[in-house]
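Me: I have a model open and would like to go through it with you. Could we start with the ligand and then move on to other parts?

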Amino acid sequence: MLDKLTYAGREENFHDVASDERFRFVRGAIEDPDAVASTLDGGIDAIVNFAAETHVDRSIAEPDAFVRTHALGTYVLLEAARERELRYVQVSTDEVYGSIDVGTFTEDSALRPSSPYSATKTGADLLVQSYFHTYGLRATIVRGSNNYGPYQYPEKLIPLMVLNALHGDALPVYGDGMQVRNWIHCTDFAHAIGHVLAHGDPGEVYNAGGPDEQANIDVVRRIVTLTGASEDQIEHVSDRPGHDRRYSLSSDKVCALGWTPRVRFEDGLAETVAWYRDNAWWWEPIRSGEYRAYYERQYGRSLS
Ligand code: TYD
């Protein structure tokens, strides 16, 4: 595994696989060809590009890292795969399609990204497809919907709300909170990526969406109930600029390959809340570190 361990990456996130003899960790950036080359010596037959800057709010405030990681980083990995004739999987996002009020996106839907995050992810997808068409690289793309589960950095909706709820902090809902996301548990998404790596056809795109859609305000209300917090903590704050209203993915194509999402949102959310409640060792250093300053910049108030 090659990982730059930027603000959201930590060795604590892979402590449970670190001693596995099949696992090797190199600290470095995907946009650094030397780091990529040293990761690829010996016995590797595929590259799966999970590396991304993922947070839309940060892409609005500071887009440069998004261009570097998604455009340049993907290019460097594609070149490495081409030189060594490796298979390649690009981990992508439903956000490349933009927002959809009714219905659901298929792999043939138009690409209409709306934030610097999703625009740079879309550019990376197009570059991957060009390597299939131009050089015959055996590349596939998996587009996931909103992931949730343990070890997620608390800038994202669910861990942010869970930790704020547990601490008695305000729960900052953007705008009216009626934006809808199609939630997928991270284990289901990981299985989808593995499934496409094993069974996907080169040159193809596969959507992998979760089984449930939910308005943000309903997610937050469920978290209030699960944590025993108070509904009075919910606060409607200024909306995100250019906020996509709804994401929805049809996953028929990857389901036809034999994958199916197993974790229903209601169960996955309850498990996730329990994980954060039981694993203060994991989030305490985050909530007392860089994240506090980010939170103040983003929300104009301090955490308790
Ligand atoms: P997020 O977890 O940032 O994922 P994405 O932007 O990729 O969908 O946000 C999920 C939804 O929650 C999105 O509609 C924005 C909203 N949201 C809030 O209302 N308040 C918050 O503090 C955050 C972080 C997100």
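Me: Which residues come nearest to the ligand?
Reply: In this predicted model, the ligand has 18 residues around it, and of these Glu95, Arg181, Arg240, His243 and Tyr299 come nearest.

Me: What lies 2.5 Å from an oxygen atom of the ligand?
Reply: That is a polar side-chain atom of Arg240, a residue that is also listed among those coming nearest to the ligand.

Me: And which backbone atoms lie 2.9 Å or 2.8 Å from a ligand oxygen?
Reply: For Leu157, a backbone N or O atom lies 2.9 Å from an oxygen atom of the ligand, while for Tyr174 a polar backbone atom is 2.8 Å from a ligand oxygen.

Me: How much of the ligand's accessible area does the protein cover?
Reply: On its own the ligand has 510 Å² of accessible area, and the protein covers 97% of that.

Me: Which elements give two or more residues to the shell?
Reply: Those elements are helix H5, residues 157-167, and strand S7, residues 171-174. The largest share comes from S7, which gives three residues to the shell around the ligand.

Me: How does the shell divide into nonpolar, polar and charged residues?
Reply: Eight residues of the shell are nonpolar, five are polar and five are charged.

Me: Changing topic, where does Ser251 lie?
Reply: Ser251 lies in the loop that runs between strand S11 (234-237) and helix H8 (252-256).

Me: Is Ser251 buried or exposed, and what is it in contact with?
Reply: Ser251 counts as buried, because its relative accessibility is 9% and the cut-off for buried is under 20%. If its neighbours within four places in sequence are left aside, Ser251 is in contact with Asn207, Ala208, Gly209 and Trp259.

Me: Now the charged pairs: how many salt bridges does the structure hold?
Reply: The structure holds 20 salt bridges. Side chains of opposite charge can pair when their charged atoms come close.

Me: What does Arg84 form a salt bridge with?
Reply: Arg84 forms a salt bridge with Glu83, and the closest N and O atoms are 3.6 Å apart. Arg84 counts as partly exposed at 33% relative accessibility, whereas Glu83, at 62%, counts as exposed.

Me: What about Asp218 and Arg221, how are they placed in helix H7?
Reply: Asp218 and Arg221 are three residues apart in helix H7, residues 216-227, so about one helical turn separates them. Their side chains meet in a salt bridge, with an N to O distance of 3.6 Å. Asp218 is partly exposed, with a relative accessible area of 32%, and Arg221 is partly exposed as well, at 37%.

Me: Which residues do salt bridges with shared partners join into one network?
Reply: The network joins Arg58, Glu155, Glu290 and Arg297 through salt bridges that share partners.

Methods:
Residues are numbered from 1 along each chain as its sequence is written. This is a predicted model: local features need pLDDT of at least 70, side-chain atom pairs count only at pLDDT 80 or more; totals for chains, interfaces and linings use all residues. Side-chain values use heavy atoms; hydrogens and water are left out. A residue is near a molecule or strand if one of its heavy atoms lies within 4 Å of it. A polar contact is a pair of N or O atoms within 3.5 Å; within protein, one must be able to donate a hydrogen and the other to accept it, and residues adjacent in sequence count only if both atoms are side-chain atoms. Accessible areas come from the Shrake-Rupley method with a 1.4 Å probe; for residues, only the protein chains shown count as cover. Helices (H or I, at least four residues) and strands (E, at least two) are DSSP runs, numbered from the N terminus. Ala, Val, Leu, Ile, Met, Phe, Trp, Tyr, Cys and Pro count as nonpolar, Asp, Glu, Lys and Arg as charged, and the others, Gly among them, as polar. Buried means under 20% relative accessible area, exposed over 50%, partly exposed in between (1.4 Å probe, protein chains only). Contact means heavy atoms within 4.5 Å. A salt bridge is a side-chain nitrogen of Lys or Arg within 4 Å of a carboxyl oxygen of Asp or Glu.
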